[in-house]
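The following questions ask on what grounds particular terms are applied to a structure. Each answer sets a computed value against the criterion behind the term.

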Amino acid sequence: MTVPRLTTPRLLLEPLQSDDAIQIQQVFPRWEIVRHLTNAVPWPYPSDGARFFVDQVALPAMVAGQAWHWSLRHRSDADRLIGLISLRAGEEDNRGFWLVPEWQGQGLMSEACTLITDFWFQTLQQPRLRVPKAMDNQASRRISERSGMRLIETFSKAFVGGEMLAGNWEITREEWLARGGDASK
């Protein structure tokens, strides 16, 4: 399955492509973005970090049908990448995202997550969505809570910002569909 272009009222979600590495490299290596990401993200971020991620990790996983990655762009400036959102096949760690700080606090990531979660359950027909995150990442936790996810376990995990308490959040397909695919219910 090819990764489709998706839209929300304010966002364009474009399938990730190799050329996106240039903009990712410019906006991603910021402490506000990376500190709550898994320590698999190298820090300090190398000058070829985005190119490696896009060309060696993300695009091959997309071709293999194991991941779906989108660049986030605001409709008011469709040429500028402001974040990424991803889905990954498997039992754990199915969704991840980041948004540049200048665009945070406007509900954009909630908008993107609602669309992507619906894609996960409706299009990909997955039985459940699990998302681990740092417990002190309050904004990300609120997105999970508002979308009906529940905390199923806590554990210690290594993040770019160090060892932190993490939580695994989950929602099943049945729970999502009962909500009507609406994160605000």
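Q: What makes both faces of β5 count as covered?
A: In this predicted model, Arg95, Phe97 and Leu99 on one side of β5 are buried, as are Gly96 and Trp98 on the other. Buried means under 20% relative accessible area.

Q: Why do residues of a strand divide between two sides?
A: In a regular strand the side chains alternate between the two faces of the sheet.

Q: What makes β3 a mostly covered strand?
A: Eight of the eight residues of β3, residues 67-74, are buried. On one side these are Ala67, His69, Ser71 and Arg73, and on the other Trp68, Trp70, Leu72 and His74.

Q: How do you know that β4 and β5 pair?
A: Two strands pair if at least two bridges are found between them. Strand β4 (residues 83-88) is joined to β5 by five bridges, and the two run antiparallel. Within this pairing, Ser86 stands opposite Gly96. The hairpin of β4 and β5 has six residues between the strands, and Gly90 takes a positive phi near 125° there.

Q: Which strands are joined to β3 by bridges?
A: Strand β2 (residues 11-15) is joined to β3 by five bridges, and β4 is joined to β3 by six. Both pairings are antiparallel. Pro15 stands opposite Trp70 in the former, while Leu72 stands opposite Gly83 in the latter.

Q: Why is the pair of Trp31 and Trp43 called tilted?
A: The search of the whole structure finds six aromatic pairs. In the pair of Trp31 and Trp43, the ring centres are 5.8 Å apart and the planes stand at 50°. Centres must lie within 6.5 Å for a pair, and planes under 30 degrees apart count as stacked, over 60 as edge-to-face and the rest as tilted. The angle of 50° therefore places this pair in the tilted class. Trp31 belongs to helix α2 (residues 31-34) and Trp43 to the loop between α2 and α3, 12 residues apart.

Q: How do you know whether Trp31 and Trp43 are buried, partly exposed or exposed?
A: The partly exposed class lies between buried, under 20%, and exposed, over 50%. Trp31 has 39% relative accessibility and therefore counts as partly exposed. Trp43, at 36%, is likewise partly exposed.

Q: What makes the bond from Trp43 to Pro44 a cis peptide bond?
A: Its omega is near 0°. Pro44 is found in the loop between α2 and α3. Most peptide bonds are trans.

Q: Why is Glu111 called buried?
A: Its relative accessibility is 18%, so Glu111 falls under the 20% limit. Glu111 lies in helix α4 (residues 108-123). Leaving aside residues up to four places away in sequence, Glu111 touches Thr8, Pro9, Arg10 and Leu11.

Q: Why are β6 and β7 called edge strands?
A: The open sheet of three strands has the order β6-β8-β7, with antiparallel pairing. Strands β6 (128-134) and β7 (150-159) each pair on one side only. Between β6 and β8 (residues 162-172) there are seven bridges, and Pro132 stands opposite Asn168.

Q: How do you know that the buried residues of α5 lie on the same side?
A: Ser140, Arg141, Ile143 and Ser144 are buried in α5. They cover an arc of only 155° around the axis, which puts them on the same side of the helix. The buried residues of α5 pack against β5, α4, β6 and β8. Helix α5 (residues 138-146) lies across β6 and β8, running at about 155° to β6.

Notes: Residues numbered from 1 in each chain as written. Predicted model: local features only at pLDDT ≥ 70, side-chain atom pairs only at ≥ 80, totals over all residues. Heavy atoms only, no water. Buried < 20%, exposed > 50% of the residue type's maximum accessible area, 1.4 Å probe, protein only. Helix = DSSP H or I, 4+ residues; strand = E, 2+ residues; numbered from the N terminus. Contact = heavy atoms within 4.5 Å. Axes fitted to C-alpha atoms, helices over the stretch in contact; angles between N-to-C directions. Arc of directions from axis to C-beta.
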